[in-house]
Amino acid sequence: IMKFQMSTAATYANDLKNRLIIFTSLLTVLSVFLACFLAVGITRAITRPLETLVGITGKVAQGDLTMDIAVNRGDELGTLANSFASMLKNLSSIIAKMKDAVSQITSASTEILAASQQQAASAREQSSAVAETTSAATELSKSSEQIGDSIRRVSQATVHALGGMGKIKEAMGKTGEKITSLSEKSQEISKITELISDVADQTNL
């Protein structure tokens with residue numbers, strides 16, 4: 001009986017030992033699976049927001065500033081996401097202001113270009129007017145020189161004409177003297193003729 005009881009106790013102890021080993025193994029396996037599950041969950045909880053931020057960063061790098069960051073967390077990742085959202089908002093505001101400034105600069109440049117072109121046109125017109133005035137002044141100077149030459153020629157012709165008139169007057173005076181002399185001689189000849197006539201008449205008597 002004692003041997004049977006000892007054998008039964010040994011069997012029960014072995015059975016209990018085997019059960020404890022199995023339970024411990026199952027508990028270990030469950031702990032490992034639970035640890036892996038928790039690790040995967042924690043990793044996903046960390047990597048998903050990071051992947052979201054990386055995706056948004058890539059789109060921002062391509063010029064898309066309309067992305068909305070929706071990471072509602074109270075840890076460091078939430079702080080990082082909020083900081084990134086604030087940076088994106090500030091960047092959008094800066095770019096909008098830069099676009100406005102560029103638009104104003106472009107408008108001002110267009111107005112300055114138009115004013116410059118207008119001034120250049122006015123300068124060309126003034127230059128053309130100055131050139132025409134200079135040409136007119138040159139022509140007027142030439143005309144004045146020609147008029148001066150004509151006046152000198154007229155003056156010389158007038159001097160020559162006055163000289164000729166003086167000579168003509170002198171010749172007319174001499175001609176008058178000759179005519180007077182001839183008249184006197186004609187009177188003398190007439191007297192001689194009358195005398196001859198008287199003599200002839202007396203001779204016929």
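Let's start on the surface. Leu34, Phe37, Leu38, Ile42, Ile46, Leu50 and Leu80 form a nonpolar patch there. Together they have about 670 Å² of accessible area. Keep in mind that this is a predicted model.

Where does the patch come from? Helix α1, residues 2-61, gives the largest share, with six residues.

Take one of these residues, Leu38. Leu38 sits in helix α1. Is Leu38 buried, partly exposed or exposed? Its relative accessible area is 45%. Buried means under 20%, and exposed means over 50%. So Leu38 counts as partly exposed.

In soluble globular proteins, nonpolar side chains tend to be buried together. That brings us to the inside.

Which residues make up the largest nonpolar core? There are seven in all: Leu53, Ile56, Val60, Ile69, Ala81, Phe84 and Leu88. Helix α1 supplies at least two residues of this core, and so does α2, residues 76-204.

Now the whole protein. How many helices and strands are there? Two helices, zero strands. The protein has 205 residues, and buried residues make up 6% of them.

Next, the accessible surface. For the protein, this comes to about 17,300 Å². Carbon and sulfur atoms hold 64% of that area.

Definitions and conventions. Residues are numbered from 1 along each chain as its sequence is written. This is a predicted model: local features need pLDDT of at least 70, side-chain atom pairs count only at pLDDT 80 or more; totals for chains, interfaces and linings use all residues. Side-chain values use heavy atoms; hydrogens and water are left out. Patches are made of residues with over 30% relative accessible area and no salt bridge: like charges are joined within 9 Å, nonpolar side chains (Val, Leu, Ile, Met, Phe, Trp, Tyr) within 5 Å. Accessible areas come from the Shrake-Rupley method with a 1.4 Å probe; for residues, only the protein chains shown count as cover. A salt bridge is a side-chain nitrogen of Lys or Arg within 4 Å of a carboxyl oxygen of Asp or Glu. Helices (H or I, at least four residues) and strands (E, at least two) are DSSP runs, numbered from the N terminus. Buried means under 20% relative accessible area, exposed over 50%, partly exposed in between (1.4 Å probe, protein chains only). A nonpolar core is a set of buried Ala, Val, Leu, Ile, Met, Phe, Trp, Tyr and Cys residues joined through side-chain atoms within 4.5 Å.
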